[in-house]
Amino acid sequence: MALRTLSAKTAAALDEHLMSTGQYTIDQLMELAGLSVSQALYRLSPPTTHRRVLIACGPGNNGGDGLVAARHLVHLGYAPSIYWPKAGKAEIYARLGAQLKDLRVPRVEDFSSAIRETDVVVDAVFGFSFSGEVREPFPAVIKAMKEAKLPVLAVDAPSSWDIESGPPEDGPGVGYMPTALISLTAPKPLVKHFKGRHFVGGRFLGKDVADKFEIDVPPYKGLDQVVEVDVKGEKL
């Protein structure tokens, strides 16, 4: 049976529930998300063949997931670098930045040049809360990812896609179809338009919460934090 999708409104309500009733902190949720991203990338492009990873990070939580993933990727044998032109103002972003600096993860300034010197890209620019116009400097970043002849893993949503209706009809994201997508917690409605490899990650929800928000927890195995499913949400 296909996994049910999670709307942007319900995803926001789930986050609110987890941080109030569930007593999770944003740090914990971001850590779980970033760990899932790192495992999905390992499945998609292992460090034996794709050691250099360029992570495009936006200013919000999606970018934070990318920063956490970068830290985990160091310990998995990758050589990550981050493009993070607009750091978020919340204290967590300063902490994540300091952790990456301690691990000597470089922060690149020119994405278009850096993408020519990497093996795989993580798109952690915009997530489920994105709406409206893609603002500078991200149009050029999305265009570069679209045109890259490299594997690209999108975090929760291909950047510029509408969480409900999928790919845009105009703007820099037209024709952008990443190699793979990792849906965090549950697939979002846009997945019906996606044509690449699809992972679901975020192995921490209890049955009561999953039932409350009508989430189908996929069949994780062993120590895995991710599971690969087809675009209809059925396990491969």
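Entry 1. I looked up charges over rings and found that K212 lies over the face of F213, at 5.7 Å from the ring centre. I note that the model is a predicted one.

Entry 2. I then turned to aromatic pairs, and a search of the whole structure gave 5 of them. One of these is formed by Y24 and F204, with 5.5 Å from centre to centre and 65° between the planes, and it is edge-to-face. I next asked which parts of the chain this pair links. Y24 is in the loop between α1 (8-19) and α2 (26-44), while F204 is in the loop between β7 (197-201) and α7 (207-212). These parts are distant in the chain, the two residues being 180 residues apart.

Entry 3. I checked the exposure of both partners. Y24 has a relative accessible area of 25% and is partly exposed. F204 is also partly exposed, at 21%.

Entry 4. I examined the rings of Y42 and Y78, whose centres are 6.3 Å apart. Why is this pair edge-to-face? The planes stand at 85°, and an angle over 60 degrees counts as edge-to-face. I located Y42 in helix α2 and Y78 in the loop between α3 (61-75) and β2 (79-83), so the pair ties together parts that are 36 residues apart in sequence.

Entry 5. I asked of Y78: is this residue buried or exposed? Y78 has a relative accessible area of 4%, and it is buried because the limit for that class is under 20%.

How values were computed
Residues are numbered from 1 along each chain as its sequence is written. This is a predicted model: local features need pLDDT of at least 70, side-chain atom pairs count only at pLDDT 80 or more; totals for chains, interfaces and linings use all residues. Side-chain values use heavy atoms; hydrogens and water are left out. Rings of Phe, Tyr and Trp (its six-membered ring) pair if their centres lie within 6.5 Å; planes under 30 degrees apart count as stacked, over 60 as edge-to-face and the rest as tilted. Helices (H or I, at least four residues) and strands (E, at least two) are DSSP runs, numbered from the N terminus. Buried means under 20% relative accessible area, exposed over 50%, partly exposed in between (1.4 Å probe, protein chains only). A charge sits over a ring if NZ of Lys or CZ of Arg is within 6 Å of the ring centre and within 35 degrees of the ring normal.
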